[in-house]
Amino acid sequence: MTTQHGTERRKLRRRLILWTLPVVLLVGAFGLILIGQHLIARTAVTQHLNEEHEEALNTSGQLALVNLVERWKPHYNMGTSYLELDALTEAGEQFTTALGLASPAEQCPIRANYAITIEREGDGLMAEGDTEGALTKYREALDMIAAQDESCDQSTSNRSLDDSQVRIEEKLQQQEQQQPQPDEQDPESTPPPESQPSPDALDELEDGLDGNREDREDQLEDDENWGGGGGGQVDEPW
């Protein structure tokens, strides 16, 4: 009787082991994934700090395969690497994906770098002479900043967001000041011949326009030399 009871207990223990084994293996695998995720993320940050942006991009792509918790981070990291490489279209695509996966409170660094991406697109259009397109991009960047969550005021990305807003607003203001003023005269009235500008006045006007154009080119060159093309300090990957 005792032998039979002992046999049944051993069978029961074996069944319990077999039933719990998948759970143990699953928990162990999940732990390994989290450890690997952390190591890959730290590698991406180190590569970013070392300005190895192509390597950081590839590392972040690997992170997307193992990140099961904060799924927005790999796309944010890849977007940041694309931004550093001046691949603005690809950066915008990754930031859009990251925004869709992150909660409002998690979106602060995404919006900070996304705003810089859009601003640099505007700088590129301005350099090509497309003023209206550039102004549209600048306003789009301001909308990206304005949609931030209240928690961003306490975020490490707060300074980047604020700096971008001030910088972009200055660019918009500068363009508004350079816009020609509307003619206050009656459009149907024709000034008398003696009121026409003299040749010397026309020469001075042309010289002034050339000076404004040179100042704008110098400003764009300064923007490109600051932060890789008009944006501020890019938030690092996580």
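Mentor: A crossing of two helices is left-handed if the near helix is turned anticlockwise from the far one by less than a right angle, and right-handed if clockwise. Helices here are DSSP runs of H or I with at least four residues, strands are E runs of at least two, and both are numbered from the N terminus. The model is predicted, so local features need pLDDT of at least 70 and side-chain atom pairs count only at pLDDT 80 or more, whereas totals for chains, interfaces and linings use all residues. Residues are numbered from 1 along each chain as its sequence is written, and side-chain values use heavy atoms, with hydrogens and water left out.

Trainee: How many helices and strands are in the protein?

Mentor: The protein has eight helices and zero strands. Along the sequence, the pattern reads α-α-α-α-α-α-α-α. Of the 238 residues, 34% are buried, where buried means under 20% relative accessible area, exposed over 50%, and partly exposed in between (1.4 Å probe, protein chains only). Contact means heavy atoms within 4.5 Å. Among contacts between residues at least 6 apart in sequence, 66% join residues at least 24 apart.

Trainee: At what angle do helix 6 and helix 7 pack?

Mentor: Two packed helices are described by the angle between their axes and the distance between the axes. Axes are lines fitted to C-alpha atoms, for helices over the stretch in contact, and angles run from 0 to 180 degrees between N-to-C directions. Helix 6 (residues 131-146) packs on helix 7 (residues 158-178) at about 150 degrees, and their axes are 10 Å apart. Helix 6 is therefore roughly antiparallel to helix 7. The classes are roughly parallel for angles under 35 degrees, roughly antiparallel over 145, roughly perpendicular from 65 to 115, and oblique for the rest. The crossing of helix 6 with helix 7 is left-handed.

Trainee: Which residues of helix 6 and helix 7 meet?

Mentor: From helix 6 come T131, L135, Y138, R139, A141, L142 and I145, which meet L161, S164, Q165, I168, E169, K171, L172 and Q175 of helix 7. By class, this contact of helix 6 with helix 7 holds eight nonpolar, four polar and three charged residues. Ala, Val, Leu, Ile, Met, Phe, Trp, Tyr, Cys and Pro count as nonpolar, Asp, Glu, Lys and Arg as charged, and the others, Gly among them, as polar.

Trainee: Are helix 5 and helix 7 roughly parallel or roughly antiparallel?

Mentor: Helix 5 and helix 7 pack at about 25 degrees, with axes 9 Å apart. They are therefore roughly parallel to each other, and their crossing is left-handed. On the helix 5 side the contact uses C108, R111, A112, I116, E119, D123 and M126, and on the helix 7 side S160, L161, S164, R167, I168, K171 and Q175. Six of the residues in the contact of helix 5 with helix 7 are nonpolar, three polar and five charged.

Trainee: How far apart are the axes of helix 4 and helix 5?

Mentor: The axes of helix 4 and helix 5 are 10 Å apart, at an angle of about 150 degrees. Helix 4 is therefore roughly antiparallel to helix 5. Helix 4 passes helix 5 in a left-handed crossing. L88, T89, A91, G92, F95, T96, A98 and L99 of helix 4 make the contact with I110, R111, N113, Y114, T117, R120 and E121 of helix 5. The contact of helix 4 with helix 5 comprises seven nonpolar, five polar and three charged residues.

Trainee: Which residues touch the most other members of the largest nonpolar core?

Mentor: In soluble globular proteins, nonpolar side chains tend to be buried together. A nonpolar core is a set of buried Ala, Val, Leu, Ile, Met, Phe, Trp, Tyr and Cys residues joined through side-chain atoms within 4.5 Å. The largest one has 29 residues, of which I110, Y138 and I168 touch the most other members. Two or more residues of this core come from each of helix 3 (72-84), helix 4 (88-101), helix 5 (108-127), helix 6 and helix 7. Helix 5 gives the largest share of this core, eight residues. Leaving aside residues up to four places away in sequence, I110 touches W72, Y76, F95, A98, L99 and A102.

Trainee: Where is D86 found, and what is its phi?

Mentor: Most residues other than glycine have a negative phi. D86, in the loop between helix 3 and helix 4, has a phi near 65 degrees, a positive value in a residue other than glycine. D86 is partly exposed, at 47% relative accessibility.

Trainee: Is S81 buried or exposed?

Mentor: S81, in helix 3, is buried, with a relative accessible area of 1%. E90 lies in helix 4 and is partly exposed, with a relative accessible area of 34%. The C-alpha atoms of E90 and G79 are separated by 7.0 Å, and the two residues are 11 residues apart along the chain.
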